[in-house]
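Biologist: I'm new to this one. Could you walk me through how to read it?

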Amino acid sequence: IKNIGVLTSGGDSPGMNAAARAVVRTVLYEGGKVWGIYDGYRGLLDEKMEELTSRSVADILQRGGTFLGTARCKRFMTPEGRMEAYENMKKRGIEGLVVIGGDGSLRGASKLSAETGVPIVGLPGTIDNDVWGTDYTIGCDTAANTIIDAINKLRDTASAHSRIAVVEVMGRRCGWLATLAGIAGGAEVVLIPEREFDLDDVCANLVKSYENGRRYSLVVVAEGVGSGIDIGKYIEEKTQMDVRVSVLGHIQRGGSPTVQDRVKASQLGEKAALALMAGQTDVVFGFNKGKVVAINLHDAITNKKPLDPEYIELADMLV
Ligand code: ADP
């Protein structure tokens, strides 16, 4: 395959630019043609795509977000929509697609490939680190660093006022970001969807630790367990202590990607382009034990990724 398209879809994440840039430059290096498809699957349907040059991806490596734009596209959820997307690719001679996105985007990619036979390679682009088969997703490291930066600041003020700081972090149904925030941010309590907890026990332990001389506490709540605001209110009522809740929200999605996100996204982009050009399809590239690995696309979207129990244990042990 010589003529390929690249798109970013679903929630954006820092490092998507680095991945797309690597795809573009690898294809060009290998003598192929590459199309930038704008706003995810919507661009395929609205025919918002253009051929890219090496210069098209200059000056984006250091930027968060995605220069290709991203979107959620309802029409692509129907077989008719996907067929139309395929026809629009065919018109331009685009023979294969690199899809950079989260779980939903990869699901859509799998359907497009199954229904039309068009070769597709996926890259996991999400801050949530929730894609099965890979212990890394593009953007997760930058998001984790953003959370730690916020936690450092919240610690200063929580300590000054002897308060309980409750921080709600992203991750959808996955507690990876919260657990990392727990370990690297030194949280006393980490609430994640992968593990049951009793909020009354949590409150009793918080009270006990104050009685033992603790000056302030940090409670990290993964968005997958519920609202940080509600949990904060409950803790305040139950413990009668001073609680402040911070919902970090979309701050976690942005920012200049870390070195790790830039390097790994570049590695994945290169592999995706080479694989697609070599005729591979229905694979997702990710990392396992520091090495790039190919994951079956079907497996990646049907299995639920477990959270490494060693991380959970470590977060618990170090409080
Ligand atoms: P993410 O990729 O970040 O998980 P979404 O779940 O919103 O984000 O998916 C992004 C887009 O991918 C959707 O707007 C839709 O166009 C497409 N998509 C998601 N799930 C499916 C599906 N089951 N079938 C077809 N297309 C899908």
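Modeller: Let's take helices, a loop, the ligand and a few single residues in turn.

Modeller: First, some ground rules: this is a predicted model, so local features need pLDDT of at least 70, side-chain atom pairs count only at pLDDT 80 or more, and totals for chains, interfaces and linings use all residues. Residues are numbered from 1 along each chain as its sequence is written, and side-chain values use heavy atoms, with hydrogens and water left out.

Biologist: Which residues of α1 are buried?

Modeller: Helices (H or I, at least four residues) and strands (E, at least two) are DSSP runs, numbered from the N terminus. Buried means under 20% relative accessible area, exposed over 50%, and partly exposed in between, using a 1.4 Å probe and protein chains only. In α1 the buried residues are M16, N17, A18, A19, A20, A22, V23, V24, T26 and V27. That is ten of its 14 residues, so the helix is mostly covered.

Biologist: What covers the buried residues of α1?

Modeller: Contact means heavy atoms within 4.5 Å. The cover includes the strands β1 (3-9), β2 (33-37), β4 (96-101) and β5, along with the helix α9 (259-277).

Biologist: How far apart should the ends of α1 be?

Modeller: The expected span of a helix is 1.5 Å times one less than its number of residues. For α1 (residues 16-29) that gives 20 Å, and the end C-alpha atoms are 20 Å apart, which agrees. Just after α1, G31 takes a positive phi of about 85°.

Biologist: What does the same check say for α9?

Modeller: The 19 residues of α9 should span 27 Å, and its end C-alpha atoms are 27 Å apart, in agreement. Its buried residues include D261, K264, L268 and A272. G279 follows α9 and has a positive phi, near 95°.

Biologist: Where does T126 sit, and is it buried or exposed?

Modeller: T126 is in the loop between β5 (120-124) and α5 (140-161). With a relative accessible area of 8%, T126 is buried. Leaving aside neighbours within four places in sequence, T126 is in contact with S13, G102, V131, T137, I138, G139 and C140.

Biologist: Which residues come nearest to the ligand?

Modeller: A residue is near a molecule or strand if one of its heavy atoms lies within 4 Å of it. Of the 17 residues around the ligand, G11, R72, C73, G104 and S105 come nearest. A backbone N or O atom of G104 lies 2.9 Å from a ligand oxygen atom, while a polar side-chain atom of K111 lies 3.2 Å from a ligand nitrogen atom.

Biologist: And I148: which residues does it touch?

Modeller: I148 lies in helix α5 and is buried, at 16% relative accessible area. Not counting residues up to four places away in sequence, I148 touches L180, A181, A184 and G185. The C-alpha atoms of I148 and A181 are separated by 6.1 Å, although these residues are 33 residues apart along the chain.

Key: Polar contact = N/O pair within 3.5 Å; in protein donor to acceptor, adjacent residues only side chain to side chain.
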